[in-house]
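Subject: Handover of a structure and the findings on it

Dear colleague,

Please find below the structure that I am handing over to you. The findings follow directly after it, and I would be grateful if you could read them alongside the model.

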Amino acid sequence: MEIVATSTNLHHQYPTNASVGDVFCLWYALWTRSRHEAVVREQLRRKEIEVFLPTVERWSRWKNRRKKIEWPLFPGYCFARFRTDQSLAILTTVGVVAIVSFRGKPAPVAEEEVDALRRVMDTQVAYDPCPLTKEGCLVEVINGPLTGVIGRLVQKDTQQPAVILGVELINQGVRVRVHPADVRPV
């Protein structure tokens, strides 16, 4: 059993409505040049723009050694919270190709999706990237560190149930293992 999570019902330590003056800042997905995600993250931090680059640890192999390195969870993407009037500052950042847009306007990423990803990364739960699927009925995680996460149930491998936390705008997700008894229909 797998769950594709699309939102949470939780209030936690991450701000839900950051604002500058009277203008609310929203999360946006940034499309980056290949292998420039960390460069973009550092440059946006220097510009004092809130940025989130979800990563996963992977073993990397060189000629004579192996090393665990952090790898972007969604290669080619990172997330930034900003006002739309700051778009030029974002687009002039080295490594940024574009702000993911819909009909020519920057498309915001749901606050709940970014918060769910952050929450997974803050836990010791194992997670892997996977394509986002939208099939099945809505379920809620009722036990464990992901209590309150809502997602879609997908019948795939009943031996390894998982929660998939998704960012629908970029059609990407993260798989997190959960026990079938830890979910209930919504």
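Against which elements do the buried residues of α1 pack? They pack against β4 (26-32), β5 (50-52), β7 (66-72), β8 (77-82), α2 (87-91) and β9 (96-99). Here a contact means heavy atoms within 4.5 Å, and buried means under 20% relative accessible area, exposed over 50% and partly exposed in between, with a 1.4 Å probe and protein chains only. Helices (H or I, at least four residues) and strands (E, at least two) are DSSP runs, numbered from the N terminus.

Some notes on the source come first. This is a predicted model, in which local features need pLDDT of at least 70 and side-chain atom pairs count only at pLDDT 80 or more, while totals for chains, interfaces and linings use all residues. Residues are numbered from 1 along each chain as its sequence is written, and side-chain values use heavy atoms, with hydrogens and water left out.

The chain as a whole

The protein chain has 3 helices and 18 strands. Of its 186 residues, 45% count as buried. Among the contacts in the chain with a separation of 6 or more, 71% are between residues 24 or more positions apart.

Helix α1 covers residues 37-46, and its buried residues are Glu37, Val40, Arg41, Gln43 and Leu44. Arg41 counts as buried because its relative accessible area is 18%. Beyond residues up to four places away in sequence, Arg41 touches Val51 and Leu53.

After the helix comes Glu48, whose phi is positive, near 60°. Ile49 then lies in the loop between α1 and β5. With a relative accessible area of 6%, Ile49 is buried. Not counting residues up to four places away in sequence, Ile49 touches Leu44, Ala80, Arg81, Phe82 and Ile90. The C-alpha atoms of Ile49 and Gln86 are separated by 9.4 Å, although these residues are 37 residues apart along the chain.

The loop between β4 and α1 contains Arg35. Arg35 has a positive phi of about 60° although it is not a glycine. Most residues other than glycine have a negative phi. Arg35 is exposed, with a relative accessible area of 68%. A further case is Arg103, which has a positive phi of about 55° and is not a glycine either. Arg103 is found in the loop between β10 (101-102) and β11 (105-106), and Arg103 is exposed at a relative accessible area of 75%.

The largest pocket

The pocket search used a 1 Å grid over the protein atoms alone: a pocket is an open set of points with protein on both sides within 12 Å along at least five of seven lines, and lining residues have an atom within 4 Å of a point. The largest pocket has a volume of about 210 Å³, a volume being the space filled by probe spheres set on the points. Its lining has 14 residues, of which Arg35, Glu37, Ala38, Trp71 and Pro72 lie nearest the centre. The elements that give two or more residues to this lining are α1 and β7. The largest share, 4 residues, comes from α1.

The nonpolar cores and the aromatic rings

A nonpolar core is a set of buried Ala, Val, Leu, Ile, Met, Phe, Trp, Tyr and Cys residues joined through side-chain atoms within 4.5 Å. The largest has 23 residues, of which Phe74 and Phe79 touch the most other members. At least two residues of this core are supplied by each of β4, α3 (111-122), β14 (138-141) and β17 (172-177), and the largest share, 3 residues, comes from α3. A second, separate core of 13 residues includes Leu30, Leu44, Leu53 and Cys78.

Phe74 is buried at 1% relative accessibility, and Phe79 is buried at 0%. Leaving aside neighbours within four places in sequence, the contacts of Phe74 include Pro54, Phe79, Leu117 and Val167.

Rings of Phe, Tyr and Trp (its six-membered ring) pair if their centres lie within 6.5 Å; planes under 30 degrees apart count as stacked, over 60 as edge-to-face and the rest as tilted. By this rule there are 3 aromatic pairs. The rings of Phe74 and Phe79 form an edge-to-face pair because their centres are 6.4 Å apart and their planes are at 85°. Ring pairs link Phe52, Phe74 and Phe79 into a cluster.

With kind regards

Key
On a 1 Å grid over the protein atoms alone, a cavity is a set of points where a 1.4 Å probe fits but cannot get out, and a pocket is an open set with protein on both sides within 12 Å along at least five of seven lines; lining residues have an atom within 4 Å of a point.
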